[in-house]
Structure formats: structure tokens, C-alpha cells
Amino acid sequence: MPNIVNEIKLDFKDVLLRPKRSTLKSRNDVNLYRHITFRNSKQTYNGIPVMASNMDTVGTFEMAKVLSKHGLFTCIHKFYTVDEWKKFAEDSSDVLKYVAASSGIADNDFVRLSEILVAVPSVTFICLDVANGYSQYFVDYVRKCRAAFPTHTIIAGNVVTGEMVEELILSGADIIKVGIGPGSVCTTRMKTGVGYPQLSAVIECADAAHGLQGHIISDGGCNCPGDFAKAFGAGADFVMAGGMFAGHDQCEGEIIERNGKKFKLFYGMSSSTAMLKHAGGVAEYRASEGKTVEVPYKGNVVDTVLDILGGLRSACTYTGASKLKELPRRATFIRCTQQLNTVYS
């Protein structure tokens with residue numbers, strides 16, 4: 001007989017942050033930087049914990065160069081060659097502390113990852129990324145990578161429940177990527193019926209991770225800067241976004257012009273577009289689980305970065321948090337039926 005969880009689970013759209021008395025004079029007084037020591041790698045990180053996703057249109061070297069100047073992080077997509085990594089390292093050595101090299105879980109993925117980390121030893125973050133982080137094969141792959149790279153900081157995901165967060169941390173991961181289906185170009189929930197509302201997933205997974213001195217990334221579901229604030233308030237140590245970083249000059253792909261308007265292509269990494277590009281098409285045994293969309297061209301990503309960081313600073317002043325790290329302790333979520341007045345949207 002199937003189980004039903006009757007407790008209500010919430011998404012970012014279901015809540016607002018309650019304002020609280022504050023002694024802060026200005027948004028400029030808020031410190032968005034986090035200093036983190038990771039459980040398994042023992043490495044340290046100091047930066048603003050906002051990440052660009054390792055999607056091939058977003059997780060680019062060009063994106064990393066700009067984001068790193070503002071203290072933000074980029075998970076580089078897994079389709080760059082070793083030679084491209086070497087050239088990037090030569091040209092942008094100061095950026096390397098704000099990037100991760102990504103990998104899937106196939107044998108050739110491990111070989112490529114190993115070659116990159118040998119060729120560019122200054123890269124100390126690894127992003128092990130699969131759609132379904134619940135397989136035993138993935139757990140074993142995390143253990144394999146921990147054994148091979150004992151001092152690298154390992155990001156692993158995606159999962160949405162506390163017990164799997166604990167399993168991956170105990171298997172050697174430092175940061176767990178949380179989110180199944182919330183992304184703007186992800187159709188997993190439509191195709192499979194599987195998922196978990198993102199706010200509740202972050203709250204529950206953060207609790208599990210922090211109990212083991214691990215960390216989590218809220219991956220997906222941010223439609224505006226306020227959603228970043230909610231994710232951090234829910235306990236996320238990092239927040240990753242794809243769609244909000246899409247459509248910029250630093251994204252891969254040509255500008256498309258139509259009827260006097262400009263666009264750039266953006267697609268999920270399980271979409272037919274991505275699979276055709278990187279695997280020759282969608283295999284017969286699986287379905288496409290991603291959309292392909294034309295995103296309005298947004299120009300330089302700097303404007304989006306400043307918008308996100310400005311929103312975070314303002315959220316911290318509204319809740320009385322002088323540091324981003326304090327936001328979960330200051331956050332009270334109010335359930336709501338409507339967030340926005342949409343008369344003029």
C-alpha cells in the first residue's frame with residue numbers, strides 16, 4: 001500500500017520572509033561573504049555563495065571570469081577539453097578558486113576529470129552531477145572520487161531528502177546539491193511525477209547536512225532575487241541558478257534576432273537539444289526531461305549579479321541579519337496565497 005505524507009511541503013512561491021527590527025543603518029553594512037571549512041576535504045572557501053549552474057550554456061569560462069570578480073562561484077560544464085582548461089588556467093589563474101570542474105559518472109567522465117585536475121592543480125572543487133543522486137552507483141562513484149582526490153572539495157547531487165544527504169556526506173562529499181525538478185527548463189516532474197517542493201527540501205536537507213558538518217546547495221527554482229534570500233533563509237549554504245544567469249553575453253550560443261528582438265538559446269541538460277548536441281540524440285530507453293527555450297537577450301551578466309546581490313543585502317536588512325550567515329537564524333517564513341500584485345505584470 002503506498003504511503004502518503006500529509007504534511008504540507010512548500011515552494012519559494014508559498015512564503016514570504018517576515019521583516020524584523022534591525023540595527024543596521026544601510027544595506028552596505030551587510031556582509032554577504034561566507035568563510036567555510038569543508039568536512040571531508042578540510043579545504044576552506046571565502047566568497048559570496050551564489051553559483052552559476054554547470055549547464056553548458058551557463059557554466060562557461062567567460063561566466064566564471066565575470067562572476068569571480070564579484071566573489072561568486074561557477075560550476076564549469078563538463079564539455080570543455082583539457083587543452084581548453086589549460087588555456088583558461090593560464091589566462092585566468094586568479095579565477096580558479098571560484099570554479100569547480102564538473103563530471104558525470106561514466107568511465108570516460110572520470111578519465112576526463114582526472115586529466116583536468118592533473119593538468120590544472122589549482123582547481124580544488126569537483127562537481128559530480130547526475131539527475132538522480134539516489135543510485136548506489138552514484139554513491140560508489142562519490143567514494144571513488146574521494147579516494148582518488150582526498151583533498152578536493154566534492155559537490156554531489158542531486159537529491160531532495162535528508163537520508164540521502166547524509167549518505168553522500170558520509171561517502172565523502174562535502175556539499176550536496178539539493179533539487180529535483182524545480183529548474184525553469186526542467187521537465188522531470190512532468191515526465192516522471194517525481195520531485196519535492198524546493199523550500200521544504202532545502203530546510204530538511206540543510207538540517208541533515210549541518211548535523212554532520214556538511215553543506216548544501218539549493219539548486220533550481222529561483223525566479224527572482226527574493227528566491228535567493230528565501231533559499232539562504234531556509235538554510236542553504238550556497239544557491240545555484242541557471243535560468244537567471246541565462247541569456248547573457250557570457251553564455252554560450254549565438255544571439256538570435258527575430259522581429260527586432262534579440263534572444264539566446266537556453267535548455268535543460270536532459271533536453272533533446274542537449275542530448276543531440278553531446279550524445280547524438282535521445283536514447284530509446286529514456287525520455288527528454290528538459291525544455292529548450294529562447295531567453296530574451298540580457299547583455300552583460302554584471303547587471304544581473306548586482307541585482308541579485310542588492311536583493312540579498314536588502315533582505316538581510318529587512319530581517320536584521322548583518323551577515324548572510326545569520327539569515328537562517330533571523331528568518332521567519334509566512335505562508336501566503338499571493339506574493340505579488342500582478343496588475344501591471
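Student: Are Tyr45 and Phe73 buried or exposed?
Tutor: This is a predicted model, so we're reading computed values here. Buried means under 20% relative accessible area. By that cut-off, Tyr45 and Phe73 are both buried.

Student: Why does the pair of Tyr45 and Phe73 count as edge-to-face?
Tutor: Start with the distance: the ring centres are 6.4 Å apart, and rings pair if their centres lie within 6.5 Å. Next, planes over 60 degrees apart count as edge-to-face. The planes of Tyr45 and Phe73 make the case, because they sit at 65°.

Student: How many residues apart in sequence are the parts that this pair ties together?
Tutor: Look at where each ring sits. Tyr45 is in strand 3 (residues 44-47), while Phe73 is in strand 5 (residues 73-76). So the pair ties together parts whose separation in sequence is 28 residues.

Student: What kind of aromatic pair do Phe61 and Phe88 form?
Tutor: Their centres are 4.1 Å apart, with 10° between the planes. Planes under 30 degrees apart get their own label. So Phe61 and Phe88 are stacked.

Student: Which helices hold Phe61 and Phe88?
Tutor: Both residues are buried. The pair ties together parts 27 residues apart in sequence, because Phe61 lies in helix 1 and Phe88 in helix 2 (residues 82-91).

Student: Which residue lies over the face of Phe110?
Tutor: This one is a charge over a ring. At 4.2 Å from the ring centre of Phe110, you'll find Lys144.

How values were computed
Residues are numbered from 1 along each chain as its sequence is written. This is a predicted model: local features need pLDDT of at least 70, side-chain atom pairs count only at pLDDT 80 or more; totals for chains, interfaces and linings use all residues. Side-chain values use heavy atoms; hydrogens and water are left out. Rings of Phe, Tyr and Trp (its six-membered ring) pair if their centres lie within 6.5 Å; planes under 30 degrees apart count as stacked, over 60 as edge-to-face and the rest as tilted. Helices (H or I, at least four residues) and strands (E, at least two) are DSSP runs, numbered from the N terminus. Buried means under 20% relative accessible area, exposed over 50%, partly exposed in between (1.4 Å probe, protein chains only). A charge sits over a ring if NZ of Lys or CZ of Arg is within 6 Å of the ring centre and within 35 degrees of the ring normal.
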